[in-house]
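Here is a short briefing to read alongside the model.

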Amino acid sequence: MRLISICPSNTELVGYLGLTSSLVGVDNYSDWPEDIQSLPRLGSDLNIDMDKVEELQPDLVLASLSVPGMERNIEELKKRNIPYVIVPNPKTLTEVGESILFVGEVTNTSDKANQLFNKYNRILEKYQSLCKQVEKPTSLYWEWWAKPIFTPGATNWLTEISKLAGGKNVFEDMALASVQTDWEEIVQRNPDVICVIWVGVHKEKVNPKVILKRLGAEHMDAIKNNQLYILDEPLFCRPSPRLLLGLNKIASIIHPDIYPPFNENKDPLLEDVE
């Protein structure tokens with residue numbers, strides 16, 4: 001089956017299912033797994049070159065509506081009669097797991113998908129058990145855009161990840177997936193830990209001084225206690241099973257005595273799970 005993925009999280013689902021050898025092209029932002037690096041690039045997820053897609057003669061395009069504006073891709077795929085499916089846009093960690101089953105079904109790899117799905121849920125259950133050992137949750141502020149400031153609210157998987165890691169999103173009282181706020185509000189909420197994951201920006205390009213220089217930053221507990229972390233954005237901002245790696249990372253940072261250490265070279269979903 002000749003597959004094309006035009007969204008990074010879809011490419012990652014293909015990777016978990018062991019189907020990267022079936023990929024014949026991907027969007028510009030797909031960067032995992034490593035063996036996709038030499039594939040033809042088809043443009044950014046909002047500006048896919050459909051002429052190139054057509055030339056590659058895919059049996060199936062894995063499309064998405066996870067970002068506003070992706071509708072144009074769907075319209076063009078329809079117009080050109082290119083076979084495609086829209087991978088559901090997960091809002092929760094449970095729905096991320098279900099997306100494994102969806103891609104498994106449309107790529108005829110349901111047996112592998114079911115194995116992964118069960119393993120994924122066992123890992124979540126492990127963290128649900130571990131978080132009960134945390135006596136006082138650590139308050140977390142997640143920043144995924146700086147100007148204007150955006151942060152996840154209650155209906156976002158990062159709030160789930162916060163809880164499973166023994167923490168608490170300081171904006172979990174806002175019944176939104178994404179909250180636009182300002183720095184003054186964050187200073188008032190005074191989180192224990194600040195996590196910076198600017199969407200689409202590699203962590204090497206994020207200068208922590210941008211945050212340290214903000215008005216009143218020096219009075220915040222997170223800054224006074226050196227608890228500002230620039231994290232790997234793909235592990236937290238894409239609706240794929242790699243969110244489990246993000247969960248492992250932040251949990252090991254804030255409660256290293258309770259949670260397993262983070263190893264960037266080991267993916268628990270691709271290893272045997274006890």
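What covers the buried residues of helix H3 includes helix H2 (50–55), strand S3 (60–64) and strand S4 (84–87). Please keep in mind that this is a predicted model.

**Helix H3**
- In H3, which spans residues 71–79, the buried residues are Asn-73, Ile-74 and Leu-77.
- They sit on the same side of H3, because the arc they cover around the axis is only 100 degrees.
- Glu-75, Lys-78 and Lys-79 are exposed, on the face of H3 turned away from its buried side.

**Strands S7 and S9**
- S7 (residues 149–152) and S9 run antiparallel, joined by 4 bridges.
- Within this pairing, Phe-150 stands opposite Gln-180 of S9.
- The covered face of S9 (residues 178–181) carries Val-179 and Thr-181, while Ser-178 and Gln-180 lie on the uncovered one.
- In a regular strand, side chains alternate between the two faces of the sheet.

**Cysteines**
- How many disulfides does the structure hold? There are 0.
- For Cys-7, the closest cysteine sulfur is that of Cys-237, and at 13 Å it is too far for a bond.
- Cys-7 is buried, at a relative accessible area of 2%.
- Cys-195 also has its closest cysteine sulfur in Cys-237, 11 Å away and too far for a bond.
- Cys-195 is buried too, with a relative accessible area of 0%.

Key. Residues numbered from 1 in each chain as written. Predicted model: local features only at pLDDT ≥ 70, side-chain atom pairs only at ≥ 80, totals over all residues. Heavy atoms only, no water. Buried < 20%, exposed > 50% of the residue type's maximum accessible area, 1.4 Å probe, protein only. Helix = DSSP H or I, 4+ residues; strand = E, 2+ residues; numbered from the N terminus. Arc of directions from axis to C-beta. Contact = heavy atoms within 4.5 Å. Pairing = 2+ DSSP bridges. Disulfide = S-S within 2.5 Å.
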